[in-house]
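Visitor: I'm new to this one. Could you walk me through how to read it?

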Amino acid sequence: MSNTTPGMVCAHHHLYSSLARGMPAPPSTPTSFLGVLEQIWWRLDQALDLEMIRASALLGALEALESGTTAIIDHHESPSAIEGSLSVIAQACAEVGVRVMCAYGITDRHGPDGAAAGLNENRRFLAEGGRGYVGVHAAFTCSDDSLEQAASLAAEFGTGVHIHVAEGPDDREAHLRLQQLSTSDWLLIHAVHLPTDHGLAGTIVHNPRSNMNNAVGYADPTRFPESQPVALGTDGIGADMLEEFRLAYCRHRESNLAATPDAAWNWLSTGWNLVPEALNDHVRWSYDQVDNPWAAAFTPGVAAQEVRIDGEILLLEGKPTRVDPLEIRAKAKEQAQRLFAKL
Ligand SMILES: [Zn+2]
């Protein structure tokens, strides 16, 4: 039993959504998952500019550090400000000191030119030595040609594709279009409506809070074969991975009274296969049994007190050492107001 762990890994984040909290209500109340995308997220992402993206990424990275999360696997979309966006995010995370793997989620929602611009941003970032995946929004918003190009770009750079798969019923057929493309380094996000015998290679990333929030159903990751890794993400709702672990356990238990917290702990631990460097990071927590799944599952509010990344102390007594959290929050508030005014 210990009060320390390696750095936590958030295997699916949207740093661009850090400014979304408190946004104005949509013009009409969504009644389906597609409605949530259309009324909320696709209006928000279109309004983003590079200044907002920077403020949003700084806030998200700060919140990750404060939660003991030292590595973020990010999935980004900002159709009005594509070029350079991944570098803005990487730079913001570097300032806070948190590791990030970036991806631009390509889509044909804005025509073939939009998809090409997204693909180019992935290529530019990776070619300049950026660390990340090739992002795809989801099969149901992409042409076959875009999916093939994303897969071959990822292979060219020796990385995987980071893609939402069967989050809602509209993407139920995704596996049929991705079967010939996926490889073991892909990240398959959500998999709520993915059949158990889907035939896709890659790590499934489960996001329990987001799935509940969008009423899309339960992914039940235990139904997939043991050979298929499962990791945990937040889908943009912060980066508190101990909390996501507790929620993952709770949701699992709700579907099966025999469930134990070990399954959710294993999902949390898969993050270290995706970003092994986080194993060299060091977090000291406010609780002396943080590494015991049964104890951690029933102890809400455990806080990171000290975080060391690559040997450097970046959080000391719960306070970041490199950046001023008040300044980051003030800037985020200012940019959130600009963003809300554009919606
Ligand atoms: Zn997502």
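Guide: Of the 343 residues in the protein chain, 52% count as buried, where buried means 20 or more other C-beta atoms within 10 Å of a residue's own, exposed means 12 or fewer, and partly exposed is in between, with C-beta atoms placed from the backbone. Keep in mind that this is a predicted model: local features need pLDDT of at least 70, side-chain atom pairs count only at pLDDT 80 or more, and totals for chains, interfaces and linings use all residues. Residues are numbered from 1 along each chain as its sequence is written.

Visitor: How many helices and strands are in the protein chain?

Guide: Helices (H or I, at least four residues) and strands (E, at least two) are DSSP runs, numbered from the N terminus. The protein chain has eleven helices and 14 strands. Its radius of gyration is 19 Å, close to the 20 Å from the globule rule for 343 residues, so the chain is as compact as a globular protein of that length. That radius is taken over C-alpha atoms, and the rule is 2.2 Å times the number of residues to the power 0.38.

Visitor: And how do I read a sheet?

Guide: Strands of a sheet pair through backbone hydrogen bonds, either parallel or antiparallel. Here two strands pair if DSSP finds at least two bridges between them. Strand β3 (residues 69–74) is joined to β4 by three bridges, and I73 stands opposite M101 in β4.

Visitor: Which strands form the antiparallel open sheet?

Guide: Five of them, in the order β1-β11-β12-β13-β14. The edges are β1 (4–5) and β14 (319–320), each pairing on one side only. Two bridges tie β1 to strand β11 (residues 282–285), and T5 has V283 in β11 as its bridge partner.

Visitor: What about helices that meet? At what angle do the axes of α4 and α5 cross?

Guide: Axes are lines fitted to C-alpha atoms, for helices over the stretch in contact, and angles run from 0 to 180 degrees between N-to-C directions. The axes of helix α4 (residues 111–127) and helix α5 (residues 144–156) come within 11 Å and cross at roughly 5 degrees. The two are therefore roughly parallel, a label for angles under 35 degrees; over 145 is roughly antiparallel, 65 to 115 roughly perpendicular, and the rest oblique.
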